[in-house]
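Please open the model in your viewer and keep the selection panel at hand.

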Amino acid sequence: MIKDKVLVEDWLVACPASEVSEKPIQVMLMEERLVIFRTSEGVHAFKDLCIHRGAALSLGEVKNECLVCPYHAWEFDSNGDCVAIPQLPEGRAIPKKAKAIKYACIEKYGLIWVNLAGNEPEIFPFPEYEAEGYRNIIWGPQEVNAKPPRIIENFLDVGHLAVVHEGSLGTNSHREIADYQMNWEENGRIYSDEIPIFQPDPDGTGDAKYVYYTYEIIRPFTVRFTKKDKETDQYFTILLTIRPVDEQTSIAYGIMSFSYGTSNSDEEIIAYQNAIFAQDKPVVENQKPEELPLDLQVELSLVCDRVSIAYRQYLHQLGVQFGTA
Ligand code: FES
Ligand SMILES: [Fe+2]
């Protein structure tokens, strides 16, 4: 397991909830091989390793609310306790050490979250996801050969919109970014002022106009922005969250929430987002150093980089080691 106390004790995204049925799946998180499965009680995550002979439990099946090992069919209940060993003669006790290693696991906002320390801290609020009238779409998985903080910071970067996403999220003629402030509230909320961004076609009607972005830093690897159209009072939010797979690989997931109806299907919206992400990917995969420098003197920041500066300060305050320098 990648050693990082802050991340290990936090909820980290594992996969979309729709990927977890009764059929167990293997998910690599922080270099830890997990098996995730569903019973009538909900979702569960164990270390994907049977204590008997090291088989991958994810190759097994769920039967009678238990995870059954594929090799000798030992049965583990949702607490990880072994409750049946078919090879034992009748009346022989199950060894006390026969257990699977269990992690905390919850299903929330259409995603599965795992806490590798086994803690169950309160998960961050996401009012749009639960608000009536919002349409939510899960985006991802998108694999990236980069460390999570570089991917997150790219998402929080205002200045690149009119360059990397020229013609869609910004235009050549409007590259300058007005000054804005970051807000650090006592309750821990960290978010930007509204930042005006001129977009050629923000709502698919072909009308170029200013939209207003608010960026929010939620957790070390979970952030979001809200795009507001002041003319129509419509909101669009993307929450981005990253699964650290191992030292080289990350997987991005998103939740897109619309306050308004659009004629586009989920598939069309996801395809558009994939195309935007494909523009960011080569940039992010080639940034050096791969670790995000938390010493603000190491790279040269502008006033318009205040969101990313705040993100670096936040990671520094929390003491996040993985993916930072
Ligand atoms: S390896 Fe799992 S039951 Fe034998
Ligand atoms: Fe981008």
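Select the iron ion (ligand 2) to begin: the coordinating atoms are His 160 (NE2), His 165 (NE2), Asp 280 (OD) and Asp 280 (OD), at 2.0 to 2.3 Å, where donors are N, O and S atoms within 2.8 Å of the metal (3.2 Å for Na, K and Ca), and sites may look incomplete because water is not among the atoms. This is a predicted model, in which local features need pLDDT of at least 70 and side-chain atom pairs count only at pLDDT 80 or more, while totals for chains, interfaces and linings use all residues. Residues are numbered from 1 along each chain as its sequence is written, chains are lettered from A and ligands numbered from 1 in the order in which they are written, and side-chain values use heavy atoms, with hydrogens and water left out.

Next, display the angles at the iron ion (ligand 2): its four donor atoms subtend 58 to 147 degrees, which makes the arrangement irregular; four donors count as tetrahedral if all angles lie between 85 and 135 degrees, four count as square planar and six as octahedral if opposite donors are over 155 degrees apart and all others between 65 and 115, and anything else is irregular.

Along the chain, the donors of this ion follow the spacing H-x4-H-x114-D. Select His 165, in the loop between α4 (161-164) and β12 (182-184), together with Asp 280 in helix α5 (residues 266-285); this pair, 115 residues apart, links distant parts of the chain. Helices (H or I, at least four residues) and strands (E, at least two) are DSSP runs, numbered from the N terminus. Both His 165 and Asp 280 are buried, that is, under 20% relative accessible area, with exposed meaning over 50% and partly exposed in between (1.4 Å probe, protein chains only).

Now select helix α3 (residues 148-155), where eight of the eight residues are buried, so the helix is largely enclosed by the rest of the structure. Among the buried residues of α3 are Arg 150, Glu 153 and Phe 155.

Move on to the open sheet, whose four strands lie in the order β5-β6-β7-β8 with antiparallel pairing; two strands pair if DSSP finds at least two bridges between them. Its edge strands, β5 (61-63) and β8 (82-84), each pair on one side only. Strand β6 (residues 66-68) is joined to strand β7 (residues 75-76) by two bridges, and Val 68 stands opposite Glu 75 in β7.

Finally, zoom out to the whole protein, which has six helices and 18 strands, and whose C-alpha atoms fill a box of roughly 80 × 45 × 35 Å along the principal axes.
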